[in-house]
Amino acid sequence: MIELKSVSKSFGNTQAVDQISFKVNEKENLVLLGTSGCGKTTTLKMINRLIEPDAGEIIINGKDITNQNPEILRRGIGYVMQNIGLFPHYNIAENIAVVPKLLKWDKEKTHQRIAELIEKLHLPNNCLKMFPHELSGGQQQRVGLARALVTDPAVLLMDEPFGALDNVTRSSIQAEFKALEELKRKTIVMVTHDVQEAFELADRICLMDKGEIIQIGTPKDLLYNPTNDFARKFLDGQRLALEFKVITLQDLWGFLPADQISNGEKPLDASSNIWNAMENIRSTSNGRIRVSNTNKEQKSVDFQQLTQAFNQYKYNHHHE
Amino acid sequence: MNEQQQTLWGFMSEQSDKLLNQTLQHLGLTFISLLFAIAIGLPLGILIARKRKLSTGILGLAGILQTVPSIALLGFMIPVLGIGAKPAIVALLIYALLPIIRNTYTGIIGIDRHIIESARALGMSKMQILLKVELPLAMPVILAGIRTATVINVGVATLASYIAAGGLGEFIFGGISLNNTNMILAGAIPAALLAVILDFLLSIIQKMDFKKLRKVLYVFPVLIIVLSGFYILPSAYSSRLTAGFTPEFMGRQDGDLGLKSEYGLKIHTIVISDAVMYKAAYSKELDVISGYSTDGRLKAFDLKILKDDKGIFPPYYAAPIVRETSLEKFPELEKVLNLLSGKITDSIMTDLNYRTDYLHQAPERVAKDFLVKNKLYKDSRNGQNGTVRIGSKIFGEQYILAEMYSMLIKGNTDYNVSTKTGLGGTKICFDALVNDQIDFYPEYTGTGLLVL
């Protein structure tokens, strides 16, 4: 879907991006992770030609993007940025309608699509006539997302999309983001420096440093098979929390006890991670959840059983 | 005080036709130059916001133009653009340029760069970004620049009357020349009101939020063009022969009024400053002017003096007008001042003027040469016995006379001298004399009688 072939970019004497290559599969969410100045944002911006690469090829859907008009190219790619970049002199409806207007959609179609997005993104209905400064930071970011999604582009680029939000708002928007159907059918490249966020949202993570790719792989790969010291140290200090996010109940299935199922337990899918399961257990009155896997098997679990299963899984994992 | 206000009101209602005409001309002049200044300044501001390397040069140049004194700027333009509307519009345009260029530039570069980046990322073209994002967002700052330029223009437009471009300056400078306070106020008050009202109206537009501003911005250019129209209409001159008279000459019995009543002169007349009048006649912009018979430029520019066979002009002799109290304070002063009497005839004065105006010799040197030649020159005694203050009007002849008196006083008495040259006109000299700011100044017998 998106392919970079030995792409390089330097600013003056600084080599921002040095001969990097990767592929993003269709409907995959690839997160570019790294500290500031590692070249992740430059890499992202080269994909819609906000920055022109010095060397290399970038191919989207089999077409080299350097042969396309940059403005036409960008209208077909959704873009969400940390600073949101809503136009302060446009009201919310006009802000969302920028690209449809550039593409000369008829008004009715635009109107319907905006109404649909407002609904999906849980924005208040009366916000359409408001101006950006009248909305909260979280609402503004949803509008930014709506603006990027309005024409239903196949590719979405996101530059620290949740970076400007406070912690509470961030985790609630992240959760909505994960649940949003529209996003599941998009090919997404997202930039973040937040390891938790990367592990929460990524299908694969591309860890970068000094303009080079250190490791590219699934969150589990990064956690359990780091290719070098840099990759290992990058995750140190958050390992337990990351494991809770990476390991699913399905992974623990064999270690979970086959207790009696009783009614009134909160149901949860086995594809949920441990973190999620723990939060669900805490929110129930009886401290138990009912987990069902793809084979329609069900197990009832409480907090203690969950942590026991996790410890056994880890023990086995280390001694494989 | 009450009586004075009534007479001012009386003057204004009596002259209401002229007043209305001048006010409309003034408005028109302000806005037509503003229109051109926007047409030039806005694109330039956008250009230097794009190519920042150019910004220092262009802003610097506009800043330098801004500091050129207005009357000098008007003078420079006469050889190129003549007199009347064209040089006035160009001069005003030059003064309005800096605030418009600078505010357009700062307005655009001050926009949050993330907004511009998001506009690019959405696929807007450069032109779309400029028109839909940059200009609307920079608009409050640009409007502030236009507001400054408008107020500057209302002020500078009073000077347009110096080069026969009309406006409220005709009353103001006519009044200064004629010692007519009501006339000055009849020009100055409307001019000040125009500035205040326009400033206020533009401040309202500037503070509008984006919603309202969008509608107003469609009306604004139309309004400027309509207001500019005020000027284009009355400026369509048609007479074949054109006279340029100073504001003072226009209002004097021994001037335009006399020419009309005694000679029945019917000629297209425009009001112009004596500073640029001769040059305008020389460059054939004017056919008739109200020159001084002793002015050196008559000779320099080869102008002919018409004979006053009906005798409406009283004889003009240069003579000092002195304060009574000063003669008492400086007893030797009268004797010294009389040393010059009978020594300077019209032709001698013309020759002296020719040397300063055309040969560009310093007034000090011309004055000294004359005194030496007439054996009147004595070296300064560097007196400490009080200071005599001499005033002079702002043209060459008066500078020479003031220098002569100064040298005579220093050489013949123990008084020190300070000269206050460059007083704007008869009224200013006379007011300075009355208010004890100067002790005497050279005046002409005809004028002296009129003022007193």
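Let's start with a distance: the centres of domain 1 and domain 2 of chain A, taken over C-alpha atoms, are separated by 33 Å. This is a predicted model, so keep that in mind throughout. Where do domain 1 and domain 2 of chain A run? Domain 1 covers 2-236, and domain 2 covers 247-318, according to the domain assignment.

Next, the contact between the chains. Chain A puts in 16 residues, and chain B puts in 14 residues. Look at the chain B side. Two helices there each give at least two residues: helix 6 (113-121) and helix 7 (126-156). Which helix of chain B gives the largest share? That is helix 6 of chain B, with six residues. By class, the side of chain B that touches chain A holds eight nonpolar residues, four polar ones and two charged ones.

Last stop: a helix pair inside chain B. Helix 18 of chain B spans residues 363-373, and helix 19 of chain B spans residues 396-412. Their axes lie 8 Å apart, at an angle of about 55°.

Who meets whom? From helix 18 of chain B come residues including B:Pro363, B:Val366, B:Phe370 and B:Leu371. Across from them, helix 19 of chain B brings, among others, B:Tyr399, B:Ile400, B:Met404 and B:Met407. Charged residues take part too, including B:Glu364 and B:Lys368 on helix 18 and B:Glu403 on helix 19.

How values were computed: Residues numbered from 1 in each chain as written. Chains lettered and ligands numbered in written order. Predicted model: local features only at pLDDT ≥ 70, side-chain atom pairs only at ≥ 80, totals over all residues. Contact = placed C-beta atoms within 7 Å. Helix = DSSP H or I, 4+ residues; strand = E, 2+ residues; numbered from the N terminus. Domains from an automatic or database assignment. Axes fitted to C-alpha atoms, helices over the stretch in contact; angles between N-to-C directions.
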